[in-house]
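Subject: Structure handover

Hello,

Here is the structure for you to look over. My notes follow below.

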Amino acid sequence: MTSSSQQRVLSGMRPTGKLHLGHYHGVLKNWIKLQHEFDCLFFVADWHALTTNYENPHDIQENTKEMVIDWLASGVSQSSSKIFVQSMVPEHAELHLLLSMITPLGWLERVPSYKDQQEKLKEKDLATYGFLGYPLLQSADILIYKAGQVPVGEDQVAHVELTREVARRFNHIYGREANFEEKASNAIKKMGKKNAKLFKQLQKSYQEKGDYEALKVAQALLESQQNITITDRERLFGYLEGGGRVILHEPEALLTPAAKMPGLDGQKMSKSYHNTIALRDDPEDVQKKLKTMPTDPARVRRTDPGDPNKCPVWQLHQIYSDDSIKNWVTEGCCTAGIGCLDCKQPIIEAVLTELAPIQERAKEYSEQTELVRNIINEGCEEARSIAKKTMEEVRHVMGLSYK
Ligand code: TRP
Ligand code: SF4
């Protein structure tokens with residue numbers, strides 16, 4: 001794997017419309033951090049929305065726009081990342097089609113989300129070709145950018161694993177040109193005598209003894225070579241590990257820490273549980289939602305003591321409050337020294353303070369739809385130029401580059 005692609009991070013989100021604090025504390029803050037460390041691509045997975053919701057396409061465009069506004073308002077930045085929409089880069093579909101030729105049906109049927117989702121979403125007809133293929137579409141999303149790292153939640157790790165297997169199979173089938181061995185040997189010679197010898201030693205240690213350190217050193221050695229072409233380097237990356245030329249790069253899943261942000265009822269915050277605070281909820285609504293959220297059921301009267309561990313408000317204090325407030329809560333709750341409304345007050349203030357700048361920026365963006373459209377268009381153009389390059393290579397090795 002080349003360092004430039006290890007440095008590339010790609011992630012997508014289905015267009016669900018306006019986002020909530022669960023998205024912010026889970027995914028978005030992570031993206032915002034990553035965008036300063038890596039070359040990041042973030043996209044709206046609008047085709048993915050159709051795989052489970054093909055009967056309701058009407059909201060997709062609006063949801064895409066609102067979601068991108070929330071990304072931008074939260075701090076995902078156009079200058080530090082590329083923001084785009086999947087269907088505006090149709091090369092994803094072409095790669096999906098070509099990968100479908102080499103992907104065994106069993107690999108898709110065995111992806112855990114396939115059966116899980118069908119059972120969970122019983123009211124929907126998910127016995128479609130598109131739904132079965134959606135993890136492979138995700139593979140195409142990732143592989144087309146040669147992304148090294150893919151931030152995903154726990155439920156998506158299996159999809160990244162599938163992606164790795166598909167890439168390996170692809171490279172195995174299409175990465176071995178007729179005279180691969182000879183081309184690899186010639187490439188090694190171009191590194192100069194000393195490096196060539198070192199490379200062969202390291203390769204031997206890795207292939208014969210499974211010496212992982214040697215592999216790393218050899219990869220770094222390839223990385224530092226100025227005298228060989230990119231194609232030769234890819235050949236040698238594959239040859240080093242005993243495979244063919246690396247055309248599609250195996251990505252790693254970058255597990256997003258499980259969202260700490262609970263919903264208003266203490267369950268995971270999710271639209272389908274109706275327990276969310278949306279990033280753009282009116283401050284009055286936010287207050288009302290927090291004031292009416294359930295507390296330890298033992299505290300029926302103000303004078304009844306409670307136990308923070310049985311209270312969803314306490315979980316919010318874990319996110320928003322410092323030790324001194326938390327001590328005040330524990331003490332006050334267990335002795336009935338404070339009421340639940342008193343206890344919620346610091347959270348109400350913290351949430352409103354957190355949301356104020358986001359809402360202000362969201363308002364600015366939603367008043368400038370032209371600007372948002374331009375941001376997406378520019379992101380698409382940049383993404384597309386990377387995708388096009390990959391497709392040229394893919395078509396070439398698959399015998400489809402007509403000139
Ligand atoms: N499947 C992901 C989801 O449902 C979204 C997604 C699509 C994605 N393509 C991706 C995430 C590529 C990471 C990388 O949440
Ligand atoms: Fe929950 Fe706070 Fe009320 Fe205790 S005082 S039950 S922690 S809201």
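Which residues of E3 lie on one side and which on the other, and are they buried or exposed? Ser81, Ile83 and Val85 are on one side, Lys82 and Phe84 on the other, and all are buried (under 20% relative accessible area; exposed is over 50%, partly exposed in between; 1.4 Å probe, protein chains only). Five of the five residues of strand E3 (residues 81-85) are buried, so the strand is largely enclosed by the rest of the structure. Strands (E, at least two residues) and helices (H or I, at least four) are DSSP runs, numbered from the N terminus.

This is a predicted model: local features need pLDDT of at least 70, side-chain atom pairs count only at pLDDT 80 or more, and totals for chains, interfaces and linings use all residues. Residues are numbered from 1 along each chain as its sequence is written, chains are lettered from A and ligands numbered from 1 in the order written, and side-chain values use heavy atoms, without hydrogens and water.

E3 pairs with strand E2 (residues 39-44) in the parallel sense, over five bridges. Pairing requires at least two DSSP bridges between two strands. Cys40 stands opposite Ser81 in E3.

Last, the domains, whose bounds come from an automatic or database assignment. They are domain 1 (3-175 + 252-260 + 368-397), domain 2 (180-240) and domain 3 (280-366). The C-alpha centres of domain 2 and domain 3 are 58 Å apart.

Best wishes
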